[in-house]
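Thanks for coming, everyone. Let me walk you through one model, piece by piece. Please have a look at it first.

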Amino acid sequence: QRSTREWQQADAAHFLHPFTDSKALAAKGSRIITKAENIYLWDSEGHKILDAMSGLWCVNVGYGQPSLVEAATRQLQQLPFYNAFFQTATPPAIELAELLAEVSPPQFQHVFFAGSGSEGNDTVVRMVRHYWASLGQPERQVIISRENAYHGSTMAGASLGGMRYMHAQGGLPIPGITHIPQPYWVEHGQGMDKDTFGKVAAGWLEAKILEVGPEKVAAFIGEPVQGAGGVIIPPATYWPEIQRICDKYGILLVSDEVICGFGRTGAWFGCETQGSRPDLMTFAKGVTSGYIPLGGVMVSERVAKVLIEQGGEFEHGFTYSGHPVAAAVAVANIRLIQKLRLVEHVRDDVGPYLAQQFATLKDHPLVGDAETCGLMGALLLVKDPATLTPFPAELEIGMVCRGHCFGNGLIMRAVGNRMIIAPPLVMTRAQVDEMMALIRRCLDLTLADARS
Ligand code: PLP
């Protein structure tokens with residue numbers, strides 16, 4: 001067994017981490033996570049940590065669920081791999097396709113499997129263009145997305161995403177992808193009531209469609225609630241209006257459910273909470289609760305019919321599309337979500353309780369806003385809650401708060417001045433109370449730093 005220091009040295013010597021400044025990492029050393037159970041992690045120094053981010057928005061059923069481990073073991077012994085190319089299939093992949101059709105909104109009866117959310121979104125780019133070409137409209141190429149969205153790190157995923165600092169590396173976006181502002185009231189809507197703002201923000205889509213030319217637009221893509229962008233929960237009027245605009249111009253609507261899917265928002269999929277009826281849905285993360293990589297695209301009958309009857313061969317796929325072990329774990333995971341009634345638990349019990357508890361944080365002198373959607377939430381940290389005046393950026397208030405969380409046994413993520421959570425869906429009310437006490441303590445410590 002190696003010491004923490006030895007792990008850190010080997011890590012810095014060989015491991016280039018995603019989204020990490022390697023020089024800073026080498027100076028400080030990684031925190032080495034060694035085990036987990038339920039909603040808790042332990043590091044190599046034996047510290048217990050409440051994981052309010054579900055790993056990376058994915059461990060929906062919590063850590064240490066034996067039925068997922070058993071499903072993987074059984075399938076590894078029976079048939080560890082076979083592909084789904086060239087008219088072959090394996091029972092777990094077929095069973096998963098069937099089960100996904102059962103839990104998805106009724107327009108979805110088909111699925112295309114990938115290995116991750118990024119690959120799912122790459123698939124979307126090719127699939128929607130292929131769909132329109134199959135209908136004799138190959139000029140419909142443009143996909144509209146949003147600023148500050150996150151859709152993955154592949155060339156197409158990062159292009160669909162609206163993070164400028166990502167575009168700056170590697171010459172993105174790729175051609176045919178354009179962005180509109182995000183429906184973030186704090187940034188774009190102050191002075192307007194939120195419902196009015198929701199319609200105004202959706203109107204930016206219509207303006208963009210008219211600017212590009214409706215005959216050139218293939219699809220619009222968005223996360224029901226932007227996750228990595230800072231848990232930006234749109235006003236209730238936003239998605240219904242987006243749906244109306246897509247319908248008006250016949251444009252495909254793509255819901256990126258990589259974070260919002262599988263119970264996170266208190267429904268199986270975020271589009272059901274937020275009020276849209278997408279033509280395609282990408283998923284990953286919660287489909288296996290992160291126990292093993294798997295992603296894909298749910299394809300509505302509108303699209304599937306054209307692809308199947310007019311599309312011919314879709315020249316696209318991944319070695320691991322429908323990986324049998326990943327599929328077996330996903331089946332076990334979805335059955336566990338059903339058995340534990342986690343969607344109902346989030347919708348009717350722990351979600352409303354979290355909302356109520358989070359709202360009490362609005363009394364804290366650092367908190368300008370506190371909002372949740374199911375089991376995702378965000379706190380806006382500001383200098384003056386009455387006017388939402390921000391702290392100077394160089395104070396990095398979010399990072400200060402995140403540091404206190406880390407030091408006090410809580411994982412919460414900082415996105416600029418927003419502190420965000422997305423805990424495992426198995427969380428109980430008592431665990432919400434435990435998390436809230438930690439959050440309050442960390443906010444107090446952050447406030448003391450900000451004032452000093
Ligand atoms: N889409 C959304 C909304 C995400 O949050 C993520 C990852 O965080 C992705 C896509 C990319 O998924 P992956 O990291 O599995 O490629």
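Let's begin in a loop. Gln87 sits between α4 (66-78) and α5. Those labels are DSSP runs, numbered from the N terminus: helices are H or I with at least four residues, strands are E with at least two. Gln87 has a positive phi of about 65°, although it is not a glycine.

Two words on the source. This is a predicted model, where local features need pLDDT of at least 70 and side-chain atom pairs count only at pLDDT 80 or more, while totals for chains, interfaces and linings use all residues. Residues are numbered from 1 along each chain as its sequence is written.

The peptide bond from Leu172 to Pro173 is cis, with omega near 0°.

Now the overall layout. The chain is divided into domain 1 (31-61 + 341-451) and domain 2 (67-339). These bounds come from an automatic or database domain assignment. The C-alpha centres of the two domains lie 26 Å apart. Their contact takes 26 residues from domain 1 and 23 residues from domain 2. Contact here is between residues whose C-beta atoms, placed from the backbone, lie within 7 Å.

Stay on the domain 1 side of that contact. The elements giving two or more residues there are α3 (54-57), α15 (342-359), β11 (367-373), β12 (376-381) and β15 (418-421). The largest share, five residues, comes from α15. By class, this side has 17 nonpolar, six polar and three charged residues. Ala, Val, Leu, Ile, Met, Phe, Trp, Tyr, Cys and Pro count as nonpolar, Asp, Glu, Lys and Arg as charged, and the others, Gly among them, as polar.

Next, helix pairs. Helix α5 (residues 91-103) and helix α14 (residues 324-339) pack at an angle of about 35°, with axes 8 Å apart. Axes are lines fitted to C-alpha atoms, for helices over the stretch in contact, and angles run from 0 to 180 degrees between N-to-C directions. The crossing of α5 and α14 is left-handed. That means the near helix is turned anticlockwise from the far one by less than a right angle; clockwise would be right-handed. Among the α5 residues in this contact are Leu96 and Leu99, and α14 brings Val331 and Ile334, among others. The contact of α5 with α14 has 11 nonpolar, no polar and one charged residues.

The other pair is α10 (residues 194-212) with α11 (residues 238-249), at about 20° and with axes 8 Å apart. So α10 and α11 are roughly parallel. The cut-off for that is under 35 degrees; over 145 is roughly antiparallel, 65 to 115 roughly perpendicular, and the rest oblique. This crossing of α10 and α11 is right-handed. The residues of their contact divide into eight nonpolar, one polar and three charged.

Last stop: what surrounds the ligand? There are 15 residues around the ligand, and the closest are Ser116, Gly117, Ser118, Gly152 and Val258. Near means a C-beta atom, placed from the backbone, within 6 Å. Helix α6 (residues 117-134) gives the most to this shell, with three residues. By class, the shell has five nonpolar, eight polar and two charged residues.

Definitions and conventions
Contact = placed C-beta atoms within 7 Å.
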